[in-house]
Amino acid sequence: MDEATPGGLRAALAENDPAVGFRAVLGLRRLAERVESRQVALAREQGWSWQQIGDALGVTRQSVHTKHGKLS
Amino acid sequence: MTAGSPLTARTSAYHPWTTYIAAREEARRRGDRKVGTEHLLLALLAEPDLSGVLDVTIEEARAALDALDLQAFAAIGLDARLDLPPLPSTPLAELPRKPTFRAVLKGRLPMTPTAKKALEASAKGTRRGRAQPGPRYVAKNVLAALLELERPDPAAELLAGLGVEPAAIRERLARV
């Protein structure tokens, strides 16, 4: 990161800003939800049962179905 | 901003539940587990007059939130992408115009403490049997409460990310 440029400076400041770090934490949770939703849809397209998806995610088939059942 | 926004066009007496439900669906869409102040702000942007006051559309605000996330990922050294589709949620146009208690409870998400406070304070004086303070009263109060927030509150971050100056908006809001 080139700190002489305004963008580089901003990025350098952001690295030491807990507010930005906390946003990243919440952002990663959001990202995880989007990835999960996408992958469950993909698994259903490929014929996976809710039981198999639940096993892969470490939860019951009921809870996967409650959360993602509307997808398919 | 065109008239006929789903919320305004179909809501006669504005109710805090209407704001809550719209904010909750925005939270669901983003993959958040709690309804925060940034989602309340998005819900208000579904109102054409308030969107006009802020001079921001809901699409711009959604994009700004994604941009803030990407910046934050970069700051912790992650090269993540957000080209995944949003999560399934009820479109704003299909939300109930006068939410029943059942509609509020169905698929409910908890609120963050600040969001709860902003919404509760906005509803003062709107109890049934009392004089109705006007249909825009609640939404305006929520927006006024959100404008008071400071970083690192998510709504304040979003307003800053959009380049919105709270002081100027407060003045414009008083004239609506």
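Residues are numbered from 1 along each chain as its sequence is written, and chains are lettered from A, with ligands numbered from 1, in the order in which they are written. Because the model is predicted, local features need pLDDT of at least 70 and side-chain atom pairs count only at pLDDT 80 or more, while totals for chains, interfaces and linings use all residues.

**View 1. Overview of the two chains and the confidence of the model.** The predictor gives the complex an ipTM of 0.77 and a pTM of 0.83. The mean pLDDT (the predictor's confidence in each residue, from 0 to 100) is 85 for chain A, where 78% of the residues score at least 70. For chain B the mean is 83, and 85% of the residues reach 70 or more. Helices (DSSP runs of H or I, at least four residues) and strands (runs of E, at least two) are numbered from the N terminus. Chain A has four helices and zero strands, and chain B has ten helices and zero strands.

**View 2. The side of chain A that touches chain B.** In the interface, 19 residues of chain A are in contact with 17 residues of chain B. Helix H1 (6-15) and helix H2 (18-45) of chain A are the elements that give two or more residues to this side of chain A. H2(A) supplies the largest share, 14 residues. By class, this side of chain A has nine nonpolar, three polar and seven charged residues. Ala, Val, Leu, Ile, Met, Phe, Trp, Tyr, Cys and Pro count as nonpolar, Asp, Glu, Lys and Arg as charged, and the others, Gly among them, as polar. Confidence in chain A is lowest in H1(A), at a mean of 63, and highest in helix H3 (residues 50-57), at 96.

**View 3. Helices H3 and H4 of chain A.** The axes of H3(A) and helix H4 (residues 61-68) of chain A come within 8 Å and cross at roughly 100 degrees. Axes are lines fitted to C-alpha atoms, for helices over the stretch in contact, and angles run from 0 to 180 degrees between N-to-C directions. H3(A) and H4(A) are therefore roughly perpendicular to each other. Angles under 35 degrees count as roughly parallel, over 145 as roughly antiparallel, 65 to 115 as roughly perpendicular and the rest as oblique. A:Trp50, A:Gln51, A:Ile53, A:Gly54 and A:Leu57 of H3(A) make the contact with A:Arg61, A:Val64 and A:His65 of H4(A). This contact has four nonpolar, three polar and one charged residues.

**View 4. Helices H3 and H8 of chain B.** Helix H3 (residues 37-45) and helix H8 (residues 137-147) of chain B pack at an angle of about 140 degrees, with their axes 10 Å apart. H3(B) and H8(B) are therefore oblique to each other. H3(B) contributes B:Thr37, B:Leu40, B:Leu41 and B:Leu44 to the contact, and H8(B) contributes B:Ala139, B:Val142, B:Leu143 and B:Leu146. The contact has seven nonpolar, one polar and no charged residues.

View 5. Six of the eight residues of helix H9 (residues 154-161) of chain B are buried, so H9(B) is largely enclosed by the rest of the structure. A residue is buried if 20 or more other C-beta atoms lie within 10 Å of its own, exposed if 12 or fewer, and partly exposed in between, with C-beta atoms placed from the backbone. The buried residues are B:Pro154, B:Ala155, B:Ala156, B:Glu157, B:Leu158 and B:Leu159. They pack against H3, helix H5 (58-75), H8 and helix H10 (166-175) of chain B. Just after H9(B), B:Gly163 takes a positive phi of about 75 degrees.

**View 6. B:Thr112 in a loop of chain B.** B:Thr112 lies in the loop between helix H6 (101-105) and helix H7 (113-122) of chain B. B:Thr112 is partly exposed, with 19 other C-beta atoms within 10 Å. Not counting residues up to four places away in sequence, B:Thr112 touches B:Lys34, B:Val35, B:Gly36 and B:Thr37. B:Thr112 and B:Thr37 are 75 residues apart in sequence and 7.6 Å apart in space, C-alpha to C-alpha.

Conventions. Two residues are in contact if their C-beta atoms, placed from the backbone, lie within 7 Å.
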